[in-house]
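Subject: Model for you to look at

Hello,

Here is the structure we talked about passing on. Please open it next to this note; my findings follow below.

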Amino acid sequence: MELKKVKNRWVYLSNCLLCKKEIFIYKSKIDTSTKKCTKCFNVERNKNNKGKYKYELNKEFFKNKNIISAYWAGFIAADGYISKTNQVCIKIKETDIDRLKQFLKNAKCTHPVLNSGKEDRKRIVITCHEWVKDLEEIYNIKNNKSLTLEPPNLIEEEHIKAFIIGYIDGDGTICFLGKHKYLKLGIVRIKSILEWIQSYFNNWVDNTKAKKQISGTKSKDIFEYVVYGKRAKELILLLKELDINKMERKWSKVQK
């Protein structure tokens, strides 16, 4: 193997035993290295450990449709993802680490909260084939969801509300604007999801005076849906009635 200096560290150049991709091996790990790239290593590990879990978790958490699982599916749809190696991942600001802890508690999961490579970010990474299957079949959440995400396959209204609440906690804003404290409820991301949420908002609260519709942002793939004032308050109070452990810093701003 060729020795090379990369980012002030000496590494050996090698090739992945499976996909032949060029990889770096640090000198200190030359005797213990698997000589596989990260992707191939994870795929092979998941294949060999199918059905075996190092940590405990409720494998039917997303299969059993209820307001708790629907909430977390909405949160993952907004602020999580399914990795290329079929792992369920959630990455969040360290200030909101209580969300990760609450998820692990609800899912009866013993996985640890990990650092995310950035000082102000935390994450969880969970390998569970049942979760991946159920998130795709019930909630249309799959790998590369930013391009493929569609509304969930839900019928019960309280499940729909729970999913929307989770989505707002992940990719929504509840705040007051200007000196007159004008209330704003804003949601961003995929247009198909925003249109689905908008249709339910229109059914729940009168929209005849609504001025703001779904609009584009600086990013061509990201859209924004905003509700203001009295209508925003009515929608927020309606959703707050559902007995879910929501993100306190958002929902506590609006009281009856």
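Helices here are DSSP runs of H or I, at least four residues long, and they are numbered from the N terminus. One caution before the details: this is a predicted model.

Start with helix H4, residues 129-139. Its buried residues are Trp131, Val132, Asp134, Leu135, Ile138 and Tyr139. Several of these numbers are spaced in a way that a general rule explains. An α-helix has 3.6 residues a turn, so residues three or four places apart point the same way. What covers the buried residues of H4? The cover includes helices H2 (67-79), H3 (97-106) and H6 (157-171). Strands E4 (80-82), E5 (88-93) and E7 (121-126) also take part.

Is Asn140 buried or exposed? Asn140 is buried, at a relative accessible area of 19%; the cut-off for buried is under 20%.

Lys20 also has a positive phi, near 70°, and is likewise a residue other than glycine. Look for Lys20 in the loop between strands E2 (9-15) and E3 (22-26). Lys20 is exposed, with a relative accessible area of 56%.

Next, the sheet. Four strands form an open sheet in the order E8-E9-E11-E10, with antiparallel pairing. Strands E8 (172-177) and E10 (215-216) are the edges, each pairing on one side only. E10 and strand E11 (residues 223-228) run antiparallel and are joined by 2 bridges. Gly216 has Phe223 of E11 as its bridge partner. Helix H6 lies across E8 and strand E9 (182-189), at about 90° to E9.

H6 also holds Asp169, which deserves a look of its own. Asp169 is buried yet has no salt bridge. Which side chain of opposite charge is nearest to Asp169? That is Arg99, 4.3 Å away; a salt bridge needs the nitrogen within 4 Å of a carboxyl oxygen. Asp169 does have polar partners. Its side chain reaches the backbone nitrogen of Met247 at 2.9 Å. A polar contact of 2.6 Å links the side chains of Asp169 and Trp251. Leaving aside neighbours within four places in sequence, the contacts of Asp169 also include Tyr71, Phe75, Lys246 and Lys250.

Best wishes

Conventions
Residues numbered from 1 in each chain as written. Predicted model: local features only at pLDDT ≥ 70, side-chain atom pairs only at ≥ 80, totals over all residues. Heavy atoms only, no water. Buried < 20%, exposed > 50% of the residue type's maximum accessible area, 1.4 Å probe, protein only. Contact = heavy atoms within 4.5 Å. Pairing = 2+ DSSP bridges. Axes fitted to C-alpha atoms, helices over the stretch in contact; angles between N-to-C directions. Lys, Arg positive; Asp, Glu negative; His and termini not counted. Polar contact = N/O pair within 3.5 Å; in protein donor to acceptor, adjacent residues only side chain to side chain.
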